[in-house]
Amino acid sequence: MSGGVTAPGGAARMCPLFVGREDVLAQALQLRAEAASGRGGMLLLGGEAGIGKSRLLDELATTAGGRTAHAESFSGDRQTPGLLLLAIASGVRDAGDDADAERIWDLVVSGDVGAGGAGARRLLVADLVDALVAALRVPLLLRLEDLHWADQLSLDVLQRVAARLRDLPSLVVATYRSEEVDADPEFVAWRTGLLARRHAQEVVLSRLGRDGTRSMLASITGEVPAEDDVERMYAAADGIPLHVEELVASGLEGVPETVGDAVILRARRLHPASARALGAASVIGREFDTRLLRVVLGAASEAAAEDPAGEPSVDDALQELIAQRFVVPATDAFDFRHALIRDAVYAALPSAERRTMHARVATGAPQLSDAIRSMHSERAGRADEAYVLARRAADRASTLSAHREAVELYRRAERTVPSATPAAERAELHRRLGAELAATDANRDAEREFSRAMELFREAGDDLAAAGVVPALAAASHLLGSDYATRDALIHEAIGWVDGAEPGIAADRVRGRLLAALAAAAMLDRRLDTSLAYATEARPLLEDDPDERLAVDVTRGAVQVFAGDERGWELLEASARTAAAEHREAVAARAYRMLGSSASVLLQYQRGAAWLEDGIDYATRIERWNDAHYLGAHLAHVRWATGHVDSAEELASRALADGRGGITTEITALHVLGYVALARDDLATAREVLSRAADLGERMRELQRLSPALWGLAEVALLSADASLAVVVSRRGLEESRAIGDAAYLFPFVVTGMRALLAAGEPTAAREWLQTTEALIAARGIPGTENAVAHAAGLLALRERRLTAAKDLLAAAVTGWSSVGRWWEGTQALLDLAEVFRRTRGPAEAAHLVARARDAAAASGAAALTRLADSVDARLAAGVAPTTLSAREEEVARLVATGSTNREIGEALHIAPKTVATHIEHILAKLGASRRAEIAAWASSQKG
């Protein structure tokens, strides 16, 4: 076997030849050259463990030359905010930039935001971004490895740095394991966000083929390999370069089945002292120095140091490990050549030996973070110590708004909590874990933790504290689809606990929060009067709690706008501005949610778009991603409602992809994507997507989640010529709205239901439909919804041959829909008005209206509306003479078309068979027909 070559980082490579990645290296070198000219960037390099990502970075650094800084993440680093940034600071210092390195280091180490919370964390992030950008103003290749293990704070900083690299002369190349990405949704969001905004490029390395395996074998052994050896190695290594290296190093005869077996086989050839040092290094689990290695090895290493003639020293052991390519030297430290080697060595250690060594790390390395020491304490079986360290580290992560890290640390504390810990302390642990889980959209787990906290507080006899958990529990349950009745009962039960507590300020505050939660729950279910009553009762109890007081105002404002009171918009906007100015971020984000989403629903599209964009910008700045995605989904709805179908699809798709765990975001995005498919006449997709949204809405049992999906499904049925189904779905929509006196979600059904009933040949039912829906719309008086009544009334007048009334009503609908920007109904109203002019012998005006509708459909890519325009055009071209049947005659004609006899028609319409015969004679005369079949044909033609 030939000797290896030394890589820039000091790693002895088993394979001297760089194999199979020339194209990717060329791309990276091009990016490095562009960076040197002042246009920097970021390259994400993905691939399986052992695929050759690090080797590619070595080749890049060697070929490109210039300043290079290196940092990497390790398994377990997620639990310590800023750990990768500390490694970057060390790399920047090694590259000769002491000042910027010291600034980054000091910011991370002293970055305790204390009571400042999320706002102070963002200032810390901003300062860290500025510090790292300063380091990148001098040309630098910053190579970052294993970012799938990186902590949240470091990822947040790198995300912002990536956006500024285009004006810097430096290139950042970051590697990650593609097979582990799905296990970490935060990293997925980070990566996809960078790629979607084009702040990074990405290459994913593929496995080597037989030719690549052959080249590696030849390079490592210095000989032309036999084809049998190539086939055996290709089958065993499966195209992964590290596997090839380790399997060759273990011997070509009897190739081990796995890379782990190959590593252990090689390790058995080491001197026993070197093997012990290798095991100790695997327990440390990240970069280590000789001092820490001696601590972990314990008495054996101390004896070797005192007796140089006996056991080899730690230094000697390290030299053998380097020579045998198990570990590589780094600056002032050492690391394994690859994480897979470390994992294999660690797995082979006896469990008792592992526990002993973990205990030595925990107690003998105070320089390590509390998070890392807590991990070692837990693995050592020292639960009490692990609990203290994990709680301390979790609390600090929480103050930094490093929610992902805090979750993992609170979970460790939960696993290691001493049995004698008081119930109240355990309850608080569960409550804090629940809050961090909720912040990361892990709502099911959050619900479970809040429930456990509530139970433990009650067990400790603190019913007031238990009641204080309930608003958060109800909020998590809501996002999981818990219905209004269930949440209402839960909150009322908690109010009963407050009633039994000692009266005072604390009890009043908890009662006020519970009443505010009841108001919010009722508002979400559009029980407006109930919500307003609870909000009115809650507000005086929350005067000394600015966050809760503003939250109640947000609820009141939402109630008012859905009740048709314009003052609600002023209250919502004022609440959003005030909360943002006072850095009450959760309240401000909720105010923007209510402001933007309400405008999206209530036909306030122009104002709503501005509020939604402001809200998205605000939520993004304060890193409330769930709120940003939810607002993005509603902005997508505004885009669709105003005819910007492509933009709507892009925004909804992004919200659906990024809004992990947010069921309300998912439902809204699905509504929009269903409407997009509807507009494009892709009815199968529309039906599938909207049915999925309806299923989720049924689970939540909230009108605002269910009704929009039902309306879309009714429209799909209409466009599929299934009038009967459209009637059924529209009536369901009416009943859902009528149950709570709603008009906001009812108005689209007014027109759709009218079309469905008329197409189904039910003019009497259509008149009843108009009366019922008009009353509900008028009761709320929401501006813009009256257009639906005019439109539906115009359709009914058209069918009843009241053409003058139809023209006036439909013209009003066209104007009204245009004034609010509602494109779907507005375009159809143009076609309906065109039909009026066709029937009143105004073909020129009819053609003009159809052309306007066709232009609107084409501009939006709405094939469904183009199809409807084609239908009107066809009738215009055919020159079909208008008819003058009365409403009763039309009903008779519809029943004739069903094949009914005169007696059956009479029974259906409650008139005598002789009267039916008279009507039929008149119909035949007016149509110029001689047979009942011609009446049936005419009736069928009118459904179009």
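Of the 944 residues of the protein, 55% count as buried, where buried means under 20% relative accessible area with a 1.4 Å probe, protein chains only. This is a predicted model, in which local features need pLDDT of at least 70, side-chain atom pairs count only at pLDDT 80 or more, and totals for chains, interfaces and linings use all residues. Residues are numbered from 1 along each chain as its sequence is written, and side-chain values use heavy atoms, with hydrogens and water left out.

Next, select Ile88, Leu147 and Leu293, which touch the most other members of the largest nonpolar core, a set of 130 residues. A nonpolar core is a set of buried Ala, Val, Leu, Ile, Met, Phe, Trp, Tyr and Cys residues joined through side-chain atoms within 4.5 Å. Stay on Leu147 and show its contacts (heavy atoms within 4.5 Å): leaving aside residues up to four places away in sequence, Leu147 touches Leu84, Leu155, Leu158, Ala174, Thr175, Tyr176, Phe187 and Trp190. A second, separate core of 129 residues includes Ala609, Leu719, Leu734 and Ala788.

Now select residues 605–621, which form helix 30, where helices are DSSP runs (H or I, at least four residues) numbered from the N terminus. Which residues of helix 30 are buried? They are Tyr605, Gly608, Ala609, Trp611, Leu612, Gly615, Tyr618 and Ala619.

Conventions: Buried < 20%, exposed > 50% of the residue type's maximum accessible area, 1.4 Å probe, protein only. Helix = DSSP H or I, 4+ residues; strand = E, 2+ residues; numbered from the N terminus. Expected span 1.5 Å × (residues − 1).
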